Amino acid sequence: MALLRAALCPGLTAQMVPLLRASGVRTVVDFVSSDLEDVAQKCSLSYKALVAVRRVLLAQFSAFPANGADLYEELKSSTAILSTGIPSLDKLLDSGLYTGEVTELMGAPGSGKTQVCLSIAASMSLGLKQHVLFLDSTGGFTASRLYQMLQAQAEDEEEQLEALQRVQVTRVFDVYEMLRALQELRDSLSQQVLSSTGPLKVVLIDSVSAVIYPLLGGKQSEGLALMMQLARELKMLAREFSLAVVVTNQVTRDSSAGPLKPALGRSWSFVPSTRVLLQSKEATSEKTNTRRIASLAKSPRQPTGIQVVLDVGSGGAQELSPATPTQGL
Amino acid sequence: MQRDVGSLPLAPALRARLVAAGFQTAQELLDTGPCGLSKEIGISKEEALEALQVVRQECHSDATQTAGAPGTSRKCTALELLEQEQAQGFIITFCSALDNILGGGVQLTKITEICGEPGVGKTQLCMQLAVDVQIPECFGGLAGEAVFIDTEGSFMVDRVVDVATACVQHCQLIAEAHQEEDHLKALETFSLESILSHIYYFRCRDYIELLAQVYLLPDFLSEHSKVRLVVIDGIAFPFRHDFEDLSLRTRLLNGLAQQLIIIANDHKAAVVLTNQMTTRIGQSQSTLVPALAAAVPAKEAAIPAGGHCPNLHAG
């Protein structure tokens, strides 16, 4: 609902705007839906000029329906499937992270979400040579851990350092800072500022619930609005710039014995198209437990309920090889 | 930089009115000016002026960040972060086993949670850390100061005196063994009085005082920039008893956690929390788990001190 301003479109002059405003036409919607003959009479403006302005405004502001086949062609040419570097996780995600979509990793504290994110960042930056943006809102990003993972995957120190340079980290501890960081990203991508960003394909956000949780619930009404703003930003980024967005979320329970469900409620559940739940395996006799079970909770392509086992040990998240039963730190 | 009006940190009622009036970007707000704004939305000129100041500040800080202003910018590559992390020191605990598990000691810019049964030594460890953070740099310490927020009232000054005296003696022995000039010079300022005077003690009796203290801490830390350790002894205590609204508790704890992370990150300080243990009654057995585990996402490993950690004190 944009306000009518003098320079909004070529036909709309500075003299017309106050006249229109005086007769109650303030926004584009008002203009387009009003009876132009009436308006022309009331404001003593030329009918032809008003019709021309309406045509331009409609062209500028309305959404155009697209043909399904065209959409499919466009999708085929612009979507990429990025391998996460963890074969079992790729199997869960139907061969990898799809650009243009938001994927969510959820789990209790200590279930390995940050480790999996770091592992994805490491393999994208080293293996696929893509730039990665990591928005850290929990303070959990440890560069030495990322370095450890890179060292396990590549021998050459040059390559490791280059890979580290491709990972851009922004610390945002507040929902407004996060919104600002995402809008900055959108601006720099739309202006195609190459410089340090390079070909950005993946945005990892760890975690979304940490910044939204303090705002939800109780008598606060703005929490939900801010959450949906954030959701809109993420989806727009993913769709417009063909990025793969990965977010992490916490889990809650309805009662102390109930099943785990994702935090942030029902409204957020519509945002990610794929949801993966990470859980620790039940404590076995070994002291160091690095095994995690990843199960698919929501997916547009795969049947839900598929489970795989990951190892978040020293080499980064890997699938558990059947030969070695334990792979401690 | 076109900031969306919905994402600006304004009061929600004001934001709703702006959106209803048709404003979409921050630039439109700035173009309209305070008089036009107050007429459009029906707020007083002072409110419009305040709102525009906030908007201007937001847009201005956007501009400085993209121009690459150093200092407060939180954006960097992983390589730069790695260099920063490797140059960072640790707060040693004088217990080598504990230091080994923690990877060198208590890490700066992270939150460490210590949980354990009552009487196992959590407060002792915190007092030890408050002394250890002050060890001069030539002895391998951080030469920092400490903030101690006490909610349970278990801080005993005479015990801190013991710990501090032992620490000073330990450093004196090192200085005698090595006989270097800077060691002796540092020892002149590292005495019992100076250690005690650099531990800033706050006593919070309920959760409101605790929250207020934590939210006021950034201002305190900007005045005392040498603080490298913030200890909150007993984060569970004010929240566990007498709290009817559990969802409010979760929200408050999450907000508290975020505030602590901001403090740890901006002031390069280590935040140490102590937590109580509670019993989770399972189907066949009951286990001891940290209380408030799911609510406060602690960033480092919680050490379930089972009482068998040797040499916990320096003296």
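How much area is buried between chain A and chain B, and what percentage of it do carbon and sulfur atoms give? The buried area is about 4,100 Å², and carbon and sulfur atoms give 51% of it. Buried area here is the accessible area (1.4 Å probe) that two parts lose on being put together, summed over both.

The model is predicted: local features need pLDDT of at least 70, side-chain atom pairs count only at pLDDT 80 or more, and totals for chains, interfaces and linings use all residues. Residues are numbered from 1 along each chain as its sequence is written, chains are lettered from A and ligands numbered from 1 in the order in which they are written, and side-chain values use heavy atoms, with hydrogens and water left out.

Chain A brings 47 residues to the contact and chain B brings 46. Contact means heavy atoms within 4.5 Å. The rule finds one salt bridge across the interface. A salt bridge is a side-chain nitrogen of Lys or Arg within 4 Å of a carboxyl oxygen of Asp or Glu. The side chains of E222(A) and R15(B) form a salt bridge at 2.9 Å, N to O. On the chain A side, α8, α9, β5, α10 (175-190), α11 (208-212) and α12 (222-241) each supply at least two residues that touch chain B. Helices (H or I, at least four residues) and strands (E, at least two) are DSSP runs, numbered from the N terminus. With seven residues, α10(A) gives the most to this side.

Helix α9 of chain A spans residues 157-166. Its buried residues are Q160(A), A163(A), L164(A) and R166(A). Viewed down the axis of α9(A), they fall within an arc of 160°, so they line one face of the helix. The arc is that of the directions from the helix axis to the C-beta atoms. Buried means under 20% relative accessible area, exposed over 50%, partly exposed in between (1.4 Å probe, protein chains only). The cover over these residues includes elements of both chains, among them β4 (131-136) of chain A and α4 (78-87) of chain B.

S137(A) sits in the loop between β4 and α8 of chain A. At 0% relative accessibility, S137(A) counts as buried. Leaving aside neighbours within four places in sequence, its contacts include F173(A), D206(A), Q258(B) and I261(B).

In chain B, A186(B) lies in helix α8 (residues 181-189). A186(B) counts as buried, at 11% relative accessibility. Beyond its neighbours within four places in sequence, A186(B) is in contact with P136(B), C138(B) and F139(B).
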